[in-house]
Amino acid sequence: MDTLEKLTAEKLLSIRAIKLQPSNPFTWASGWKSPIYCDNRKLISYPRIRTFIKTELSRLILENFQEADAIAGVATGAIAPGVLVADALGLPFVYIRATPKDHGLENLIEGELKPGSKVVVVEDLISTGSSSLKAVEAIRRDSSEVIGMVANFTYGFPVATENFKKADVKLITLTDYDAVLKEALRIEYIAESDLDTLQEWRKSPADWK
């Protein structure tokens, strides 16, 4: 029986929401060179895969965070999946900006989050966890409680594991880097000879050349 990790990896790879280019690395916004690039925004253009992601994220929340009474998406990549999940669960939705608006009400949290709400944060992907956990801090400052986070994909960096532990946030993802590499090898998207490069990158992505 296929696991959730394998099924999700298969779907993300099928639409190239995750791209692997060991011999022609991408440059991230951080300046890091990377043999992998994840663009989960592509999901919204594929109804069947969009529905799969919505259904499985909703199921994870129902199974692990039953007391949730609000959903928050992290701008901008997780706004769409967050709305879909909130709609499926019949819960209020807000989204968290990276920085407050520079005009009008200068909101950081968009929507209405009642004080004392038990919130599950929806993310599209987890790298170091820095931006995701800034959203958590914003919710906590707004007098609500973050009871967990769900995401489509994680690179599985040790620094992210440590950051989530320090922030006391339980993270559950649909798939991860190891599952993606295994599936990519199975469908011959990458070759066995690429694995060493891909594994070396994850050990020290900031220093990888």
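## Nonpolar core

The largest nonpolar core comprises 65 residues, and those with the most contacts inside it are Leu20, Phe153 and Tyr155. Such a core is a set of buried Ala, Val, Leu, Ile, Met, Phe, Trp, Tyr and Cys residues joined through side-chain atoms within 4.5 Å; buried denotes under 20% relative accessible area, exposed over 50%, and partly exposed in between, with a 1.4 Å probe and protein chains only. Not counting residues up to four places away in sequence, Leu20 touches Leu13, Pro35, Ile36, Val180, Leu181, Ala184, Tyr189, Ile190 and Leu198, where contact means heavy atoms within 4.5 Å.

The model is predicted: local features need pLDDT of at least 70 and side-chain atom pairs count only at pLDDT 80 or more, whereas totals for chains, interfaces and linings use all residues. Residues are numbered from 1 along each chain as its sequence is written, and side-chain values use heavy atoms, with hydrogens and water left out.

## Open sheet

An open sheet of 6 strands has the order β7-β6-β5-β8-β9-β10, with mixed pairing. The edges are held by β7 (109-110) and β10 (171-176), each with a single partner strand, so one side of each is left without a neighbour in the sheet. Helix α2 (residues 47-64) packs on the sheet and touches β5 (70-74), β8, β9 (145-154) and β10; its direction makes about 145 degrees with that of β10. Axes are lines fitted to C-alpha atoms, for helices over the stretch in contact, and angles run from 0 to 180 degrees between N-to-C directions. Helices (H or I, at least four residues) and strands (E, at least two) are DSSP runs, numbered from the N terminus; two strands pair if DSSP finds at least two bridges between them.

Strand β6 (residues 93-96) runs antiparallel to β7 and is joined to that strand by 2 bridges. Tyr95 stands opposite Glu110 in β7. In strand β9, Asn152 counts as buried at 0% relative accessibility. Beyond four places in sequence, Asn152 touches Thr8, Asn40, Leu43, Ile53, Leu57, Glu123, Asp124, Leu174 and Thr175.

## Helices and their buried faces

Helix α1 (residues 4-14) has Leu4, Thr8, Ala9, Leu12 and Leu13 as its buried residues. Seen down the axis of α1, these fall within an arc of 155 degrees, so they line one face of the helix; the arc is that of the directions from the helix axis to the C-beta atoms. Their cover includes β1 (18-20), α2, β9, β10 and α6 (177-186). Just after α1, Arg16 takes a positive phi of about 55 degrees.

Phe52, in helix α2, is buried with a relative accessible area of 14%. Leaving aside neighbours within four places in sequence, Phe52 is in contact with Leu4, Leu7, Thr8 and Lys11. Phe52 and Leu7 are 45 residues apart along the chain, and their C-alpha atoms are separated by 9.7 Å.

In helix α3 (residues 79-89), the buried residues are Pro81, Gly82, Val85 and Ala86. They cover an arc of only 135 degrees around the axis, which puts them on the same side of α3. These buried residues pack against α2, β5, β6 and β8.

## Annotated residue Ser127

An unreviewed UniProt entry lists Ser127 for "binding site"; UniProt positions are given in the numbering used here, feature names are shortened, and annotations may be inferred rather than shown by experiment. Ser127 lies in the loop between β8 (118-126) and α4 (130-141) and counts as partly exposed at 23% relative accessibility. Not counting residues up to four places away in sequence, Ser127 touches Trp28, Tyr155, Phe157 and Ala160.

## Loops and backbone geometry

A cis peptide bond with omega of about -5 degrees joins Ala75 and Thr76; Thr76 is placed in the loop between β5 and α3. Ser143 is found in the loop between α4 and β9, in contact with Pro115 and Gly116 when neighbours within four places in sequence are left aside.

Asp168, in the loop between α5 (158-167) and β10, has a positive phi near 55 degrees without being a glycine and counts as exposed at 64% relative accessibility. Glu188 lies in the loop between α6 and α7 (195-203); its phi is positive, about 65 degrees, although it is not a glycine, and at 70% relative accessibility Glu188 counts as exposed.
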